[in-house]
Amino acid sequence: MTQPVPQYPEQGALVREDALPGLLPSGVRPEDARLLFVHAHPDDESIATGATMGHYARLGAQVVLLTMTRGERGEVVPEPLRHLEAERAGDGGTALGLYRVGELDDAAAALGVADRFFAGEPPARDGSAELPATGGYTDSGMTWGADGRAGPAEDSSPHSLTAADPGTAAAHVAAAVRAVRPHVLVTYDDDGGYGHPDHVRTHEVAVRAVALAARPGAGGDTWSVPLVWAAEGEPRPGDPRPQAAVHGSAERKRAAMAAHATQLVLDADGTRFALSNGVWQPFSALETYRLLGGDRRQDERPAGDAAAAAPPGAGPGAPEPGTPRAGAAPERGPHPGAPGAAGASPAPAAGAAAPRTGAAPGRGARPGGVAPAVAPPAASGPAAHHRAPAGPRAGSAAGPRRDADPPATVASALATSVLAGLLGGSVATVLHGSIWYSGTGWWLPWGLVFGAALLLCLSVWAGTATRRVWAAAVPGLVAYVLAWLLARGRDGSALVVTVPDAPIGVVGVAWFAVVLVTTLLSVLVTARWVRTRRRELRTA
């Protein structure tokens, strides 16, 4: 029997002339926006929507990722790691799932994701809704049909996503929606991109969750998601829904895909990739979407690296040309773990404007807008567990608290911390040698104590004000350089004396040690503050 050849959607093969350049509601700036991406398995986020996620994260938006399963049923590409596959390990894919969590952490860091979590983990956890005994949903697996499309596996676990009640799963996702309060939610279309059962179920669950979150329920305030987009699968000529075509970050997407080494391989020049089935697919930073819910009638204004304005006439019911958009070559899309993803565009530039909030991306990261828009199709299900919003948004009374501001940009944080170091380092270095002498021979280096306190305060302020832990170290480093220059820059310096044959010399030598200790302490204090703040926002 001939093995069916997998068929993947050719995302980018059909881009409407009036396609919008971005996903955000009108009037929401990238730096004020929150986007929640709901995917089925680790690697889906990178292959299907990685360029878009990286693009908006780069513009300053808070990009949050919810993954429904850990991809326990995935096939492994590298031979040395194939012992992790569920059938070989005999553990139902537990070991592979744990391994893929690490890959997902690395991919999320490469994309700039502010927060990520699995269904069943806070904030995607409704205490009143059931979960499988595993504490979360497992990969349902899939088979290839004779038509080359994915179909259900015959040996899916009773703990799998497709075996779960859709309304119950939606309750957990609704909890995350209420907590994150996204301006935009992105998931799959109703075909799951290429038919993977978990993708199809994720679409159903996400749409239900949006409707649930918009209604009163257990756990907290309601939240109506202004816009809900689906990563486009197989193009459907005549589809009346508004389309968005995002020319995102090729660099971030490529780095994120490379992190999923068990699932795919990129060729040497990064222009194509293949999954375990060996079917090569073109790599692309062009990703297209269809509107599932909300009203997207106005053009999104370009911002940041979004150089091209939205085409005129975009809106519901706009005509769709039957030919590809000029300059967009058709390419193949996703894989057995990612919905219609790659499109066609060698350049990772002109795209859409976006909104924002967030915490720093990276391993183990966990984690609002405009007037609520029309909610997507209604669904039933239990009420969601509430979690406080993870980030702020400008000009909205319904948005999260101000203390949930996202980190400052690297440039802003660097400028702030350097200025703090120049100010604190100069004053502290000048005063560090101030000594009070007693009449009995004792002396008190009050200037050293004052300088250390001043430098510590400014360093902690720089770190907490910018939400960047590394920024807390910069003032101390600047102060150290200033002290070294004053001590070594010329002989006989009156500001920093390092010859310990008198109290002033002892204090001068001690000042260098004090600066280093103060720098380390400020980093520890800032790191603890950041962790505590994030924990408060999640449990408030």
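**Helix packing, cavities and backbone geometry**

In the predicted model, P166, G167, A169, A170, A171, V173, A174, V177 and R178 of α4 are in contact (heavy atoms within 4.5 Å) with R201, E204, V205, R208, A209, L212 and A213 of α5. The residues of this contact of α4 with α5 comprise 11 nonpolar, one polar and four charged, where Ala, Val, Leu, Ile, Met, Phe, Trp, Tyr, Cys and Pro count as nonpolar, Asp, Glu, Lys and Arg as charged, and the others, Gly among them, as polar. Helices (H or I, at least four residues) and strands (E, at least two) are DSSP runs, numbered from the N terminus. Residues are numbered from 1 along each chain as its sequence is written. Because the model is predicted, local features need pLDDT of at least 70 and side-chain atom pairs count only at pLDDT 80 or more, while totals for chains, interfaces and linings use all residues; side-chain values use heavy atoms, with hydrogens and water left out.

Helix α4 spans residues 166-180 and helix α5 residues 197-213; they pack at an angle of about 60°, with their axes 7 Å apart. This makes α4 oblique to α5. Axes are lines fitted to C-alpha atoms, for helices over the stretch in contact, and angles run from 0 to 180 degrees between N-to-C directions; those under 35 degrees count as roughly parallel, over 145 as roughly antiparallel, 65 to 115 as roughly perpendicular and the rest as oblique. The crossing of α4 past α5 is right-handed (the near helix is turned clockwise from the far one by less than a right angle; anticlockwise is left-handed).

Helix α1 (residues 44-58) packs with α6 (residues 250-259) at an angle of about 130°, the axes being 8 Å apart. The two helices α1 and α6 are therefore oblique to each other. α1 passes α6 in a right-handed crossing. On the α1 side the contact involves S46, I47, G50, A51, G54, A57 and R58, which meet R252, K253, A256 and M257 of α6. Five nonpolar, three polar and three charged residues make up the contact of α1 with α6.

The axes of α1 and α3 come within 8 Å and cross at roughly 35°. E45, S46, G50, M53, G54 and A57 of α1 and L104, A107 and L111 of α3 make this contact.

The largest pocket holds about 1,000 Å³ of space. A pocket is an open set of points on a 1 Å grid over the protein atoms alone, with protein on both sides within 12 Å along at least five of seven lines; a cavity is a set of points where a 1.4 Å probe fits but cannot get out, and lining residues have an atom within 4 Å of a point. Grid points are joined across faces, edges and corners, and a volume is the space filled by probe spheres set on the points. Of the 45 residues lining the largest pocket, E72, R73, G74, D139 and G141 lie nearest its centre. The lining has 10 nonpolar, 22 polar and 13 charged residues. α2 (86-89), α3 (94-111) and β4 (143-144) each supply at least two residues of the lining, and α3 gives the most, with four.

The second largest cavity contains about 40 Å³ of space. Its lining consists of D189, D191, E232, G233, E234, P235, R236, D239 and R241, that is, one nonpolar, one polar and seven charged residues.

P122 and P123 are joined by a cis peptide bond, with omega of about 5°. P123 lies in the loop between β3 (115-118) and β4. D43, in the loop between β1 (34-39) and α1, has a positive phi near 100°.
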